[in-house]
Amino acid sequence: MHSLIQLSIVVLLLPLLSFVILIFFNRRLPRRGDFIGVGILGTAFGISAYIFWSVIVQTYDPAFRVAWDFTWIDLGNVPGVGPLEIRMGVVIDNLTSIMLAMVTLISLLVHLYSTGYMAGDKNYGRYFAFLGIFTFSMLGIVLSDNFFSIYIFWELVGLSSYLLIGFFFEKDSAADAQKKAFLANRVGDIGMWLGILILYSQFHTFSFEQIYANLAAGKFALSNGWLTAAGILLFMGCVGKSAQFPLHIWLPDAMEGPTPVSALIHAATMVAAGVYFVARIFVMLTPDALHVIAFIGASTAFMAATIAITQNDIKRVLAYSTVSQLGYMVLGLGVGAYSASLFHLVTHAFFKACLFLGSGAIIHAMHHEQDMRWMGALRKKMPWTFATFTLATLALAGLPLTSGFMSKDAILAGAIGFAEVEGGGIYYLIPVLGFFSAMLTAFYMGRQIWLVFFGESRTHLKPADNHHQAHHAHDSHATHGDAHHGAHEVHEVSWNMRAPLVILAALSVFAVYSPDPLDGAKGWFMKMIPTPATVVGEANPQIGALAAGSVAPQHAGVVRTTEVVPPPVVTEHAAPAAAHGEAKGGHVYSDPRQAEIVHAGHAAHYTAIYISSIMVVLGICMAFVVYVFKIIDPEKTANAIRPLYLFSLNKWYWDEIYEATFIKGSMVLARMLSWFDTNIVDGIVNGVATLVRKFAFANDSFDRHVVDGMVNFTAFTVNTTGAVLRKLQTGKVQTYVVMLMLVLFGYFVFYFTRLIY
Amino acid sequence: MLSLIVFLPIIAGLVILAVPSSQKQIIRIVSLLAALAQGVLAVLIWRGYDPALPGITAGPGGSPLGSFQFVEKVPWISLNLGGFGSLNIEYFLGVDGISVTMVILTALVSAIGVLSSWTIQKQVKGYFILYNLLASAMMGCFVALDFFLFYVFWEIMLLPMYFLIGIWGGPNREYAAIKFFLYTLFGSVFMLLVMIGLYFSVTDPATGLHTFSLVAMATQTNFNIPGAIFAPENHLWRQIAFIVLFVGFAIKVPMFPFHTWLPDAHVEAPTPISVILAGVLLKLGTYGMIRINFPLFPEVFQASMFVIGIFGAINIIYGAFCALAQKDLKKMVAYSSISHMGYVLLGLSAGNSEGMVGALYQMFNHGTITAMLFLLVGVIYDRAHTRQIDKFGGLASYMPVYAAVVTVAWFASLGLPGLSGFISEALVFVGAFSSEITRPIAMVSVLGIVFGAAYLLWSLQRMFLGKRKDDAAYDLVVGKDGHEHIHFHDWNGKLDLDGRELAMLVPLVVITIFLGIYPMPVLGMLTSSINKLVQVLALPL
């Protein structure tokens with residue numbers, strides 16, 4: 001076993017240890033054991049940092065990969081298949097080591113931050129336990145080398161998310177939100193599970209490496225439609241977890257959880273797991289599947305951005321912003337901008353965690369006020385928060401010199417390149433939506449900064465009747481609450497909450513990732529995470545024709561049709577490349593479409609920078625016009641375009657639509673089936689029973705009246721006859737003589753009548 | 001060994017017969033000791049079991065030895081019937097991978113059932129005598145390899161169950177008991193006819209005589225009586241026999257549309273009997289299919305995989321929807337049983353190793369998980385004397401240990417990875433999807449994953465999360481420490497789980513978690529038998 005593998009397993013198990021210790025013993029430990037959580041995460045981060053250092057810094061090889069696996073389930077010698085095992089394993093490549101370091105770092109910072117934010121909560125120890133099991137599950141996703149274990153950890157992060165969203169479970173809104181999150185994720189998960197089953201049913205393995213090698217060798221026996229379906233179904237997992245349209249509805253509600261949890265799970269790590277998963281399956285996605293992914297990502301990015309501009313809750317704005325940014329990442333993968341998308345995943349994780357922790361600091365300082373309408377002028381009172389929050393905002397909006405600028409532009413450049421290669425038309429919608437969302441992002445973040453930190457303090461403007469309700473509806477702890485009610489004195493937060501903000505803000509500066517602030521591709525990240533070569537060929541014959549110059553036409557699309565033996569050019573290049581999750585030096589792609597798109601993406605780099613800069617500046621200007629110079633009054637505008645405003649404020653009415661269709665529908669169906677069960681199915685059973693009983697009674701009465709009746713009738717007849725005849729047996733001679741005479745008389749009458757006639 | 005594990009409870013029952021009925025504690029302890037001894041024997045059998053031997057059919061030379069283990073085989077009834085030949089019934093016990101897992105499950109659930117019966121106050125002596133009779137009969141069914149002997153145990157089982165529900169049950173107990181009894185009897189009458197037909201169609205290669213041996217019947221070449229009713233060429237009669245047997249076993253599973261006895265029986269039955277019913281008895285249905293129905297008529301099984309799969313899917317989805325609509329917690333759990341047994345049917349219908357291993361593992365896991373669910377329902381029913389989901393709310397704040405165990409059990413039931421139910425469901429789907437016949441069914445059945453989560457999480461929320469409802473079945477009182485507590489009206493025991501309840505639940509929780517992380521202790525015993533079974537079922541005829 002490679003020493004890095006051993007270390008990674010230690011990293012994986014450490015948070016689990018933290019969970020086990022804290023869930024059972026937190027009440028017996030001083031400080032409810034929070035130091036154990038922080039300490040263990042610190043150790044895990046230290047080891048992860050070492051792994052990062054030795055893989056990324058020391059080795060610096062785009063093709064780096066070590067893996068190890070073991071037999072988990074041995075099904076023996078299965079008829080028709082042969083020896084069959086389900087294996088579990090760990091893989092470490094560049095992406096994994098970056099993700100390991102990122103997840104443990106953010107988790108550590110959130111642990112540290114929570115010692116301040118959650119102080120005094122009655123379930124303080126349990127909170128850290130839940131953070132532990134979350135971190136464990138998340139690291140499991142990152143380290144998995146096969147579909148089965150990624151699915152396992154996928155559901156486990158769902159569980160941790162469930163537990164943490166509902167951490168304040170006494171609030172009905174939190175209990176609703178946690179259930180909603182779990183169920184929405186499960187809907188995505190069944191798609192993912194079916195996708196996994198399609199692949200398993202063909203190859204009898206769950207391993208990424210083996211499945212991709214088999215695909216590259218053209219061993220997929222079903223039609224190409226099934227392969228596309230597998231890709232889209234697997235992507236459904238991402239739709240659920242990364243809150244993509246149409247399953248995005250759970251993420252904003254997930255803000256019912258404690259704010260540090262929102263930062264860790266619902267902004268930086270878990271929701272990005274969907275993107276990470278799509279990156280893992282990137283090589284097997286057919287162009288059709290990629291198109292679906294790109295359109296879903298673009299529409300999510302746009303839709304969420306339009307909702308974010310009207311929200312008043314500071315966390316809801318950030319939540320929709322997260323949905324929107326995840327849409328960017330998904331869009332990026334869909335258009336083939338693989339490196340850029342993962343780059344954005346990492347940069348977003350840091351600046352969005354910073355924003356959430358910053359908003360947590362604000363909420364904490366404002367005594368659980370989350371409505372931005374009642375904030376304002378916090379710049380002076382909370383200078384550290386202000387500075388870090390602003391830096392992260394700039395990164396989110398995508399201003400130059402920040403990390404977000406580089407990653408977002410790389411995605412948008414890829415989108416332009418993609419649209420060009422695909423032949424324009426409808427495909428231009430993707431970059432257009434992307435750029436438009438960039439403008440909206442700049443606008444709503446400008447609005448947020450202004451409402452929170454500048455202007456006058458508006459705490460006193462808050463309607464009093466609303467106050468008490470709102471207080472309980474928000475992120476409050478039991479011991480805080482009404483004690484601080486009257487005194488709204490705002491202070492900067494303590495060091496353990498400030499330090500994470502500073503570290504995260506520092507990681508949002510361009511220099512961490514690339515020496516050139518305008519080009520992320522020159523940095524280590526994009527060099528270390530090159531786009532892997534696809535193992536499935538073309539589905540679009542036009543592209544094949546386009547690339548006729550580079551690859552012989554008959555080679556295009558070979559892997560799709562299983563009758564054709566794959567020519568060597570594919571098996572030799574694509575298979576090992578896929579197996580190692582990398583492309584050989586100089587990014588040569590055997591697949592013509594992929595090569596075209598990567599090339600076009602590079603070419604569109606500066607176009608993207610210009611357009612997006614213009615859009616961002618436009619957005620910021622709009623925010624200034626509306627909120628700083630107050631040239632346009634937001635309320636009047638809202639009234640002027642009221643239907644549009646309400647449409648955005650009410651989140652495009654998705655919740656209402658789902659409530660009216662799926663939820664109501666399921667409940668009605670459930671009640672109908674239950675009625676059917678008690679009245680029809682059981683009714684038939686009881687009916688049969690009744691019939692049998694009726695028949696039995698009828699039988700009984702037949703028995704009593706007919707069968708027994710006949711018996712009794714015989715007896716009756718005999719009896720009656722006897723009774724009548726008995727009367728004759730008088731024992732008197734005179735009677736007998738009379739009877740004899742009568743008989744004789746009768747005989748003579750009979751005899752003589754015979755004679756006469 | 002197997003005789004001992006089968007008859008230990010009956011011996012305990014005889015001992016109890018001699019104890020005066022006022023000595024309730026002695027009666028309980030005798031039963032518990034018998035159950036524990038059964039558990040020890042189960043562990044010995046588990047340790048002594050060689051997973052390499054396949055079972056299902058006879059080993060080399062037509063002898064069950066070398067294929068089955070712990071075999072006990074002596075002639076039991078020999079009758080000369082003159083012109084009909086002779087009637088040879090054997091006392092024939094033995095286990096293979098399929099039965100050994102069920103033996104362990106039965107021993108486990110029986111022991112937990114005894115602990116759960118501790119609170120029974122009415123006619124304790126009669127209760128425990130019947131309970132022990134039931135435990136023996138169940139165990140006997142799983143180890144019997146002679147069809148006649150199996151049938152005897154199968155019928156014996158009905159009697160104590162009828163009285164246990166009919167005397168110790170809830171308000172509507174007579175209705176539920178008679179429904180259960182008649183339904184099951186209906187199935188077994190036809191089983192008797194098929195059994196007799198099989199006897200005259202099969203010979204034992206070792207003796208050349210007619211036999212009731214299920215081991216001999218599992219090999220198609222032993223159907224060598226020309227013109228016999230179930231001879232290989234008699235397709236129609238073989239199909240009828242298959243259907244009749246299947247319905248008989250399907251009633252026990254219970255499979256839609258024969259399932260309506262189950263919710264009634266569960267709602268009326270006392271907690272320990274629900275635990276036994278869901279934990280073990282339902283498995284006898286699917287066990288019967290695997291041991292008798294499928295291998296005896298493999299070609300009919302091959303032809304009916306799709307139909308069985310459809311019924312499995314109906315069970316899964318229909319059960320989940322019905323569970324979603326229930327207001328009574330126990331009824332909800334009963335419907336969840338129907339839903340989860342659907343996974344077993346689906347896995348069996350796949351006809352491949354993954355699906356069948358999944359089905360068997362699901363039987364084991366459903367036994368432990370559902371036992372846990374019913375125990376937990378019993379805990380709250382003892383305290384609140386109601387099971388209406390709407391009469392609770394916010395319990396997690398006041399009964400944290402109970403809430404934690406409920407959370408584990410509920411999540412195990414909805415198939416959360418890391419808990420045993422997930423692996424079995426996953427294998428069932430893997431198998432069902434890999435088989436081209438059942439693939440479309442598997443694609444529909446995954447909906448069960450979502451709706452399973454829906455009813456479980458919804459009930460969890462309504463009972464445990466949020467705050468106390470105004471019409472809740474308990475009061476809020478402020479204790480001496482200034483904190484709010486809850487108070488149940490007629491309950492003087494511990495508010496949260498007490499020692500006895502923990503002793504029942506903790507082993508199940510540990511097993512559920514352990515087998516969710518490392519399933520091989522159970523799967524390892526299953527695989528060679530299942531692989532053999534799949535071969536037998538796929539045999540070209």
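Okay, so let's start with two helices of chain A, α14 (residues 338–365) and α15 (residues 383–397): their axes come within 9 Å of each other and cross at roughly 145°. The axes here are lines fitted to C-alpha atoms, for helices over the stretch in contact, and the angles run from 0 to 180 degrees between N-to-C directions. The crossing of α14(A) and α15(A) is left-handed, meaning the near helix is turned anticlockwise from the far one by less than a right angle, where clockwise would be right-handed. On the α14(A) side, the residues making the contact include F351(A), L355(A), G358(A) and I362(A), and α15(A) brings, among others, T385(A), F389(A), A392(A) and L396(A). Contact means that the C-beta atoms of two residues, placed from the backbone, lie within 7 Å. By class, this contact has 9 nonpolar, 5 polar and 1 charged residues. For those classes, Ala, Val, Leu, Ile, Met, Phe, Trp, Tyr, Cys and Pro are nonpolar, Asp, Glu, Lys and Arg are charged, and the others, Gly among them, are polar.

Quick housekeeping before I go on. This is a predicted model, where local features need pLDDT of at least 70 and side-chain atom pairs count only at pLDDT 80 or more, while totals for chains, interfaces and linings use all residues. Residues are numbered from 1 along each chain as its sequence is written, and chains are lettered from A and ligands numbered from 1 in the order in which they are written.

Staying with chain A, we have 28 helices and 2 strands; those are DSSP runs numbered from the N terminus, H or I with at least four residues for helices and E with at least two for strands. Of its 757 residues, 54% count as buried. Buried means 20 or more other C-beta atoms within 10 Å of a residue's own, exposed means 12 or fewer, and partly exposed is in between, with C-beta atoms placed from the backbone. Looking at contacts in chain A between residues at least 6 apart in sequence, 80% join residues at least 24 apart.

R32(A) isn't a glycine, yet its phi is positive, near 55°. You'll find R32(A) in the loop between α1 (3–25) and α2 (34–59), and R32(A) is buried, with 24 other C-beta atoms within 10 Å. Then there's K651(A), also not a glycine, with a positive phi of about 60°. K651(A) is in the loop between α26 (642–649) and α27 (654–728) of chain A. Is K651(A) buried or exposed? Buried, with 21 other C-beta atoms within 10 Å.

Now, where the chains touch. Chain B puts in 43 residues and chain A puts in 36. On the chain B side, the elements giving two or more residues include α11 (298–325), α13 (353–384) and α20 (520–537), and α16 is another of them. That side has 28 nonpolar, 13 polar and 2 charged residues.

About that α16(B), residues 420–434: it has 15 residues and reaches 22 Å from its first C-alpha to its last, close to the 21 Å expected at 1.5 Å a residue. The expected span is 1.5 Å times one less than the number of residues. And 15 of the 15 residues of α16(B) are buried, so it's largely enclosed by the rest of the structure.

Next, α6(B), residues 173–199. Its 27 residues should span 39 Å at 1.5 Å a residue, and its end C-alpha atoms are 38 Å apart, which agrees. Its buried residues include F180(B), Y183(B), M191(B) and L198(B). Covering the buried residues of α6(B) are, among others, α5 (147–168), α8 and α10 (271–296) of chain B.

Over in the loop between α8 (235–252) and α9 (261–268) of chain B sits P254(B), and the peptide bond joining V253(B) to P254(B) is cis, with omega about -10°. P257(B) is in the loop between α8 and α9 too, and its bond from F256(B) is cis, with omega near 0°.

Last stop, M463(B), in helix α18 of chain B. M463(B) counts as buried, with 23 C-beta neighbours inside 10 Å. Leaving out residues up to four places away in sequence, M463(B) touches I389(B), F392(B), G393(B) and L395(B). The C-alpha atoms of M463(B) and A396(B) are separated by 8.3 Å, and the two residues are 67 apart along the chain.
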